[in-house]
Amino acid sequence: MKPSSSTKLIGIFGDPVSHSLSPAMQNAAFEHMGIDAVYLAFHVPARPAAALKTAVSSIKALGFMGVNITVPHKEKVIEFLDHVDNEAVDIGAVNTIVNKAGKLIGYNTDARGYIESLRQETGFSPQGKNAVVIGAGGASRAIAFALLKAGAKRLVIANRTLRRAQTLSRDLKKRFLNAEITAVPLDKKFLRPIAEDSLLIVNTTSLGMINNEELDFPLYSLPTDAVVSDIVYRPLDTGFIKKALIRGLSVHRGLGMLVHQGALAFELWTGKKAPLDVMRMAALKALRNR
């Protein structure tokens, strides 16, 4: 479908954003469903701070149907919206904005997208389990929230900057009063004993992404039935995932979360059921062509 004067705009705001597979995935979905819309990537720098506010105001000015929000803007963007969905408020991060008659509504599809892809690909249920989330940004907020909402018994937040992990831990404790939630530094000395009885480890950082350093985690301390999850999808198999496979552990790759959260965003923008298989194939094709 060729763009025309009636084509609706949707996009993704982030810094960086050139690596994103979302344009390929969403445009394939629009084409498949016969929807006259185009999805574009927009580099919105973290600094100056006014750049994000200006970008969000352009959603109304240019009549966008909506946008996705990616790092580092998922938390900061909330202050520029007209309304935020209750779950996104609880999480403290927004990854999807819908323009409803000039009102910008913020949602978080990361949480549901992560849980749905985790269950579909590994059969893992967080109910009553111990988990570790590495990172303390917008994605980690959503995933930590999703795991606790799904019944995780104990959740450990590990981050290089301990203060950020402690802030996230405090925020989660306000919502989940009966769960054991702690924060530790991203250091093997602290992680080794925690790993011994943890059944899910989730990397939500950019460690392991192409051109970035690898995540160093004591995988050898994990139980043999643990699941190792990495939301990085470039490369599809990060060093973290490869090491887990060598040890014989179950793995959950980042592409699944990308596709499922994208499908939920598609449905918020269009009101139509997302073509999940079409989106997955388009994302895989784009990934292999890079």
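**Entry 1: the mixed sheet**

I began with residue K8, which stands opposite A37 in β2. I note at the outset that I am working from a predicted model. The strands behind this pair are β1, residues 8-14, and β2, and I find them pairing in the parallel sense over seven bridges. Widening the view, I traced an open sheet of six strands in the order β2-β1-β3-β5-β6-β4, in which the pairing is mixed. At its edges I find β2 (37-43) and β4 (83-84), each with a single partner strand, so one side of each has no neighbour in the sheet.

I then looked for the helices on this sheet. Helix α1, residues 22-33, lies across β1, β2 and β3 (66-69), and I noted that it runs at about 170 degrees to β2. Helix α9 also packs on the sheet, where it touches β1, β2, β3, β5 (96-100) and β6 (103-107), and its direction makes about 5 degrees with that of β5.

**Entry 2: α9 against α10**

The axes of α9 (residues 254-270) and α10 (residues 276-288) come within 10 Å and cross at roughly 130 degrees. The crossing of the two helices is right-handed. On the α9 side I listed L255, V259, H260, G262, A263 and F266 as making the contact, and on the α10 side L276, M279, R280, A283 and L284. Sorted by class, this contact has eight nonpolar, two polar and one charged residues.

**Entry 3: the parallel sheet**

Next I turned to an open sheet of six strands with the order β9-β8-β7-β10-β11-β12, where the pairing is parallel. Its edges are held by β9 (180-185) and β12 (250-252), and each has a single partner strand, so one side of each is left without a neighbour in the sheet. On average, and with direction ignored, neighbouring strands of this sheet are turned by 15 degrees against each other.

I checked the pairings of β8 on both sides. Strand β8 (residues 154-159) pairs with β9 in the parallel sense over six bridges, and the bridge partner of A158 in β9 is V184. Helix α5 (residues 138-149) packs on this sheet and touches β7 (130-134), β8, β9 and β10 (200-203), with its direction at about 170 degrees to that of β7. Helix α7 (residues 188-195) packs there too, touching β7, β8 and β9, and its direction makes about 145 degrees with that of β9. Towards β7, five bridges join the two strands, which run parallel, and V132 has V156 of β8 as its bridge partner.

I then asked myself how many residues of β8 are buried. Six of the six are, so I describe β8 as largely enclosed by the rest of the structure. In a regular strand the side chains alternate between the two faces of the sheet. For β8 I find both faces covered, with R154, V156 and A158 buried on one side and L155, I157 and N159 buried on the other.

**Entry 4: helix α8**

Last, I looked at helix α8 (residues 239-246), whose buried residues are G239, F240, I241 and A244. These buried residues pack against β10, β11 (227-230) and β12. Just after α8, I noted that G248 takes a positive phi of about 85 degrees.

Note on methods. Residues are numbered from 1 along each chain as its sequence is written. This is a predicted model: local features need pLDDT of at least 70, side-chain atom pairs count only at pLDDT 80 or more; totals for chains, interfaces and linings use all residues. Side-chain values use heavy atoms; hydrogens and water are left out. Axes are lines fitted to C-alpha atoms, for helices over the stretch in contact, and angles run from 0 to 180 degrees between N-to-C directions. Helices (H or I, at least four residues) and strands (E, at least two) are DSSP runs, numbered from the N terminus. A crossing is left-handed if the near helix is turned anticlockwise from the far one by less than a right angle, and right-handed if clockwise. Contact means heavy atoms within 4.5 Å. Ala, Val, Leu, Ile, Met, Phe, Trp, Tyr, Cys and Pro count as nonpolar, Asp, Glu, Lys and Arg as charged, and the others, Gly among them, as polar. Two strands pair if DSSP finds at least two bridges between them. Buried means under 20% relative accessible area, exposed over 50%, partly exposed in between (1.4 Å probe, protein chains only).
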